[in-house]
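Hello,

Here is the structure I promised to pass on. Please open it next to this email and follow along.

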There are 2 protein chains.
Amino acid sequence: MISTKGRYALRVMIDLAQHEGEGNIPLKDIAERQDISKKYLEIIVKELVKGGMLHGVSGKGGGYSLIRKPDEYTVGEILELMEGTLAPVACLLEGADSCPRADTCLTLPMWKDYYEMIHGFFYGKKLSDLLGSRDPVYYI
Amino acid sequence: MISTKGRYALRVMIDLAQHEGEGNIPLKDIAERQDISKKYLEIIVKELVKGGMLHGVSGKGGGYSLIRKPDEYTVGEILELMEGTLAPVACLLEGADSCPRADTCLTLPMWKDYYEMIHGFFYGKKLSDLLGSRDPVYYI
DNA sequence: TATTTACCTACTGTGTCAATAGGTATTTTA
DNA sequence: TAAAATACCTATTGACACAGTAGGTAAATA
């Protein structure tokens, strides 16, 4: 399961993308709009800043803003930053001591295929892809 | 991440498939071949029996055996039994009180697509698909 | 100087993971 | 009938992550 950290991070990024060009957005506003505890969001946003996804400005008039354009973020990099990895099994982690069973493991090829698939899925999706209005209906 | 329960369960099922037609296979043998604590495997195998995947016979000469043919199990049903669900987010669970944000949630469609993809991946794979010899090399 | 904001450290309760421990019930075989 | 081998059962444990909460400090603006 994707943790709340990953899911909330995505919602913060979407929120900031929706308010692009409005300068610094205070976390308080995001927390209210998204209905998530501001205190908890602090932890998440801190990691996003540290990971180079966001820019934070202290002081009055401060807040957060996107560093890149929404189409220059992939969902994959955001999730991977928050979740640590997207790998489904430890054997696939970079630098993992390769399992002694790796050469004969009958499941490893499946995990590799799986990892490739989900990696492709999330890295093929841009933040901007999530902004699309969902078939809006205009009443006349 | 797929837990050890899911991964070990798959290895137990593979082991039993490899010894199909040999009657009851004692857990002790499986534990030794797979190099997994027998005590821990007991927990896993118990769930497999309860879930209708295996047949267990007590007493001397007892052990475990597959109920169906290896091509009549999907990897998906084995993993889902052990992991509880394959859903990436709680909002997608059957019977989940639908999130109040569901109607306007910008991420939900992505999670649905993702769930559909991984569900298809694992339910499209049969236990027998994992048995294949991996390009064996015959030395002359 | 007051206000608003980000940023920082620490703490906590709950639950799951990955086992381990020690038994009982069941069945076959000698 | 006794011994052996097996499945099956309940309980416990240590470590860790999850999902927050609490209370502060630093920085920038009006």
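In chain B, strand 1 and strand 2 run antiparallel and are joined by four bridges. Strands here are DSSP runs of E with at least two residues, helices are runs of H or I with at least four, and both are numbered from the N terminus. Two strands pair if DSSP finds at least two bridges between them. One bridge links Val57(B) to Gly63(B) in strand 2. The two strands form a hairpin with five residues between them. In the turn, Gly59(B) has a positive phi of about 85°.

This is a predicted model: local features need pLDDT of at least 70, side-chain atom pairs count only at pLDDT 80 or more, and totals for chains, interfaces and linings use all residues. Residues are numbered from 1 along each chain as its sequence is written, while chains are lettered from A and ligands numbered from 1 in the order written.

Now DNA strand D. It has 25 residues around it. A residue counts as near if its C-beta atom, placed from the backbone, lies within 6 Å. Among those that come nearest are Ser3(A), Ser37(A) and Pro26(B).

Last, chain A as a whole. Its secondary structure comes to five helices and two strands. From the N terminus, the order is α-α-α-β-β-α-α. The C-alpha trace spans about 60 × 45 × 25 Å along its principal axes.

Best wishes
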